[in-house]
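Entries follow in the order I made them.

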Amino acid sequence: MSIMDASYKDCHEAIEKIFHLFPLDLEGKKVVIKPNVLRSATPEEGVTTHPSVLKAVINEVVKRRPASLIVGDNPGVFSYGMNEKAFKDTGLMEVAGKYYRNLGVETVQMKINSPYIENALVSRAIIDADVYISVPKFKTHGLTGLSCAIKNNFGLLAGALKAQTHKNAGNPFNFAEALVEVFSIRVPDLVIVDGVLAMEGNGPASKDLINLSKIMASDDPVALDSVVAYMMGFPELPRTIELAAARGYGISELSRITINGKLEVIPGFKLPQTDRRASTIMDSITAVRPRVNNELCTLCETCIEHCPNGALTMEEYPVVSPELCITCFCCQELCPQKAIELK
């Protein structure tokens, strides 16, 4: 596990070191790089992997002469053309260039042992890859606690299946299990985290950003998420990490993780909003509900379109039905105006 100081101007130096610390045999291999492209956003919003980080990773891979290279993702929005729009708006299309591909176009149907996903439509490019590199953001997440290595793998699922999985799971406790089941389909060979501009508060599309100035990496995604959770100050490990470790996908105990770099809790870091009366993190997440900030809402209805359980309806502004809300927070993470808050 590596933690390095970096800025977007010099992150290529840290990433070059990472490829020496975690050597991958890429020559003549099929390689896929998957950044975190939640939705359309500017790089300065800290919602998606920064173009400078992705560019540095691409450069290091190309140096090693792979047979092929694909750079892509399955963003949360699934309307026609939104994948390309998201990549262009985030600045990632420019750096991905000829290597870009919409990972949701070509899929393979896979049977996985999950009560929440009957037949998973998974990106064929990632399944067929010899080497899979995940490049997530250092972010909080209102549903899962944090969004990093394990959560970035949710992008393996194509199109509306992600929303259907939220609906089938029905609550954050079950969704954590579904997320780990998806994660296990193709565990990344290397994870490189963009922690230069990090997100706190009610991520994964929060207005609360901090200049953490870190690039992190590991060939154990579970260990990496455990370190991130520690740095964020979680009093207990999020359920996704506990499940992934229990199923043998990596190490979660800090005492067993070899760390190259300085590990410390980020002072004053804001975790996702919770209900203090709850006894556990998962209970507290379930206790909050999305609320629309009318001053920021532009009536675009993105939240209504992407609510997997039909819990949002349009009155003067979007209104959430508490009886139908499954606290998946898709509305909050996909709102382009950041007009949905968790309370």
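**Entry 1: Met216 and the cores**

I started with Met216, which touches Met1, Ser2, Ile3, Phe138, Val191, Ile192, Val193, Val227, Val228 and Met231, leaving aside residues up to four places away in sequence. Contact here means heavy atoms within 4.5 Å. Before going on I noted that this is a predicted model, where local features need pLDDT of at least 70 and side-chain atom pairs count only at pLDDT 80 or more, while totals for chains, interfaces and linings use all residues. Residues are numbered from 1 along each chain as its sequence is written, and side-chain values use heavy atoms, with hydrogens and water left out.

Next I looked up the largest nonpolar core, which has 57 residues. Met216 is among those with the most contacts inside it, along with Ile117, Phe138, Leu146, Leu157, Val228 and Met231. Helix H9 (residues 221-232) supplies the largest share of this core, eight residues. I also found a second, separate core of 37 residues, which includes Phe22, Leu26, Val37 and Leu92. For the record, a nonpolar core is a set of buried Ala, Val, Leu, Ile, Met, Phe, Trp, Tyr and Cys residues joined through side-chain atoms within 4.5 Å. Buried is under 20% relative accessible area, exposed is over 50%, and partly exposed is in between (1.4 Å probe, protein chains only). As background, nonpolar side chains tend to be buried together in soluble globular proteins.

**Entry 2: helix H9**

I then went along H9, where 11 of the 12 residues are buried. Among them are Pro221, Leu224, Asp225, Val228 and Met232. Helices (H or I, at least four residues) and strands (E, at least two) are DSSP runs, numbered from the N terminus. I checked the length: at 1.5 Å a residue the 12 residues of H9 should span 16 Å, and its end C-alpha atoms are 16 Å apart, which agrees. The expected span is 1.5 Å times one less than the number of residues.

What caps the N-terminal end of H9? I found Asp220 there, with a side-chain oxygen 3.0 Å from the backbone nitrogen of Val222. Just after H9, Gly233 takes a positive phi of about 95°.

**Entry 3: the sheet**

I traced an open sheet of six strands in the order E1-E10-E9-E6-E2-E3, with mixed pairing. Strand E1 (2-5) and strand E3 (68-71) are at the edges with a single partner strand each, so one side of each has no neighbour in the sheet. On average, neighbouring strands of this sheet are turned by 20° against each other, direction ignored.

I looked at two pairings. E1 and strand E10 (residues 209-218) pair in the antiparallel sense over four bridges, and Met4 stands opposite Ile215 in E10. E2 and E3 pair in the parallel sense, also over four bridges, with Val71 in E3 as the bridge partner of Ile33. Two strands pair if DSSP finds at least two bridges between them.

Is E2 enclosed or open? I found that five of its six residues are buried, so E2 is largely enclosed by the rest of the structure. Helix H2 (residues 51-63) lies across strand E2 (30-35), E3, strand E6 (131-135), strand E9 (190-199) and E10, and runs at about 170° to E2. Axes are lines fitted to C-alpha atoms, for helices over the stretch in contact, and angles run from 0 to 180 degrees between N-to-C directions.

**Entry 4: two asparagines**

I found Asn102 in the loop between helix H4 (92-96) and strand E4 (107-111). Asn102 is buried, at a relative accessible area of 16%. Its side chain makes a polar contact with the side chain of Asn83 (2.7 Å), and a polar atom of the Asn102 side chain lies 2.9 Å from the backbone nitrogen of Gly104. A polar contact is a pair of N or O atoms within 3.5 Å; within protein, one must be able to donate a hydrogen and the other to accept it, and residues adjacent in sequence count only if both atoms are side-chain atoms.

Asn152 is in helix H6 (residues 149-152). Asn152 counts as buried at 3% relative accessibility, and its side chain makes a polar contact with the side chain of Lys34 (2.8 Å).
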